[in-house]
There are 2 protein chains.
Amino acid sequence: MASELLLLDLNVSPFAARVRIALEEKGLEYESREEDLDNKSPLLLEMNPVYKQVPVLIHKWKPISESSIIVQYIDEVWNHKSPLLPSDPYERAHARFWVDYIDKKIYPCGNKLWNLPKCEAQESAKKELMESFKTLEAELGDKPYFGSNSFNAVDITLIPFYSFFHSFEKLGNLSMVKECPKLVEWGERCMHKESVSKSVSDPIAVYEAVLEIKRNLGL
Amino acid sequence: MASELLLLDLNVSPFAARVRIALEEKGLEYESREEDLDNKSPLLLEMNPVYKQVPVLIHKWKPISESSIIVQYIDEVWNHKSPLLPSDPYERAHARFWVDYIDKKIYPCGNKLWNLPKCEAQESAKKELMESFKTLEAELGDKPYFGSNSFNAVDITLIPFYSFFHSFEKLGNLSMVKECPKLVEWGERCMHKESVSKSVSDPIAVYEAVLEIKRNLGL
């Protein structure tokens, strides 16, 4: 590879977007190699034999998988600028709690909105998703970013799902700005950062992809 | 509290056991307060309002939740002895990958062995559980501990489930020593450590608890 950093990437993946944002925040040059999920590259299968999933960051030919772990790795190796996690252990544990919360709640619940037929399980997933967003809104409070005045790892974990808000609204028949006005403001604020706007998906493209998933599932 | 460390604890919880082991490894004195899950204490509800679950470690009246995050916190604050995570960022990311893998696979799959009636989903959970153990056995290789010659955070994450092997064998009609001989040896090795043997549950008690869960579910 030309650069010492190679990202096995997928443009539409919110998890890959987290890594792209972290790399941009640190001002790192990297090579992005787009994967085809229907025909995964031998390199992806070799570098992430456990999950065979993007993103994988390859640094000097050593692979790191799982987006939240990659973001922490980037922060620890390139710690000279734009710290993504707090230096205080308690605050760091607090940030990790919210990174983990987003990982456990947002995609797993959101996913059910388009992978399930209209049923009780879908309704319950929608309810849990909105409760999670309200919990996140309460945690954000009046700060510009999560727990901080500067953009950080918790923001990086959540912001790729800002592009999914439009899909959640359409499929869940709800208004994010009514339900979680501060979270919508936070999303707009993050989108003013070039590292974010160039890395996340277009909301309309996400919605079209979601509709295609539903069509393919016969829903 | 008498000590500056208070653990909202549950003797039978494999997640609380992780925290007890980490505290013992660091030689820290702490007060353990056993919770009653049918009647959670106001302190637990106040200290972990999001999940309302044990374990919660309260350090100088500040709460930390989620066992893997607590173990990292303990390691970062009391870094003078028994390092639990490697100092090299790449090796640390590697260890975090396996901690996360155990969190995602072992309890969620194992749980289905006793929470589901005999059905396809239960069979598929059993298959995934055994594949996960084989993946962990391969990762362990010929080392005494995960990725290392010394007991560490990955071992701490998995070892409380060694007490569940007996239940997995009974309910899954399998032999762990035949399926994963190195993992069983590793478990025996860890059990020689006092920090572990005094913190994990008795396998027979786990199996009895599991049978009671099944009875209560009418299975």
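Biologist: In which helix do Lys104(A) and Asp100(A) both lie?

Modeller: The two residues are four residues apart, about one turn of the helix. Helices here are DSSP runs of H or I with at least four residues, strands are runs of E with at least two, and both are numbered from the N terminus. Lys104(A) and Asp100(A) lie in helix H4 (residues 89-115) of chain A.

Biologist: Before we go on, what kind of model is this?

Modeller: Residues are numbered from 1 along each chain as its sequence is written, chains are lettered from A and ligands numbered from 1 in the order in which they are written, and side-chain values use heavy atoms, with hydrogens and water left out. Local features need pLDDT of at least 70 and side-chain atom pairs count only at pLDDT 80 or more, while totals for chains, interfaces and linings use all residues; this is a predicted model.

Biologist: Is Lys105(A) buried or exposed?

Modeller: Lys105(A) forms a salt bridge with Glu128(A), with the closest N and O atoms 2.8 Å apart. That pair links distant parts of the chain, 23 residues apart: Lys105(A) is in helix H4 of chain A and Glu128(A) in helix H5 (residues 120-140). Buried means under 20% relative accessible area, exposed over 50% and partly exposed in between, with a 1.4 Å probe and protein chains only. At 18% relative accessibility, Lys105(A) is therefore buried.

Biologist: What separates Lys127(A) and Glu131(A)?

Modeller: These two form a salt bridge, with the closest N and O atoms 3.9 Å apart. Lys127(A) is exposed at 56% relative accessible area, and Glu131(A) is partly exposed at 42%. They are four residues apart in helix H5 of chain A, so the separation is about one helical turn.

Biologist: How many of the twelve residues of H1(B) are buried?

Modeller: The buried residues include Pro14(B), Val19(B) and Glu25(B). They pack against other elements of chain B, among them strand S1 (5-9) and helix H3 (67-77). H1(B) is mostly covered, and the number buried is ten.

Biologist: How much area is buried between chain B and chain A?

Modeller: Each chain brings 24 residues to the contact, where contact means heavy atoms within 4.5 Å. Buried area is the accessible area (1.4 Å probe) that two parts lose on being put together, summed over both. Carbon and sulfur atoms give 66% of the total, which is about 2200 Å².

Biologist: Which element of chain B gives the most to the side that touches chain A?

Modeller: Six salt bridges are counted between the two chains, including one from Arg96(A) to Glu76(B), with the closest N and O atoms 3.1 Å apart. Strand S4 (62-65), H3 and H4 of chain B each supply at least two residues to that side. With eleven residues, the element giving the most is H4(B).

Key:
Salt bridge = Lys/Arg side-chain N within 4 Å of Asp/Glu carboxyl O.
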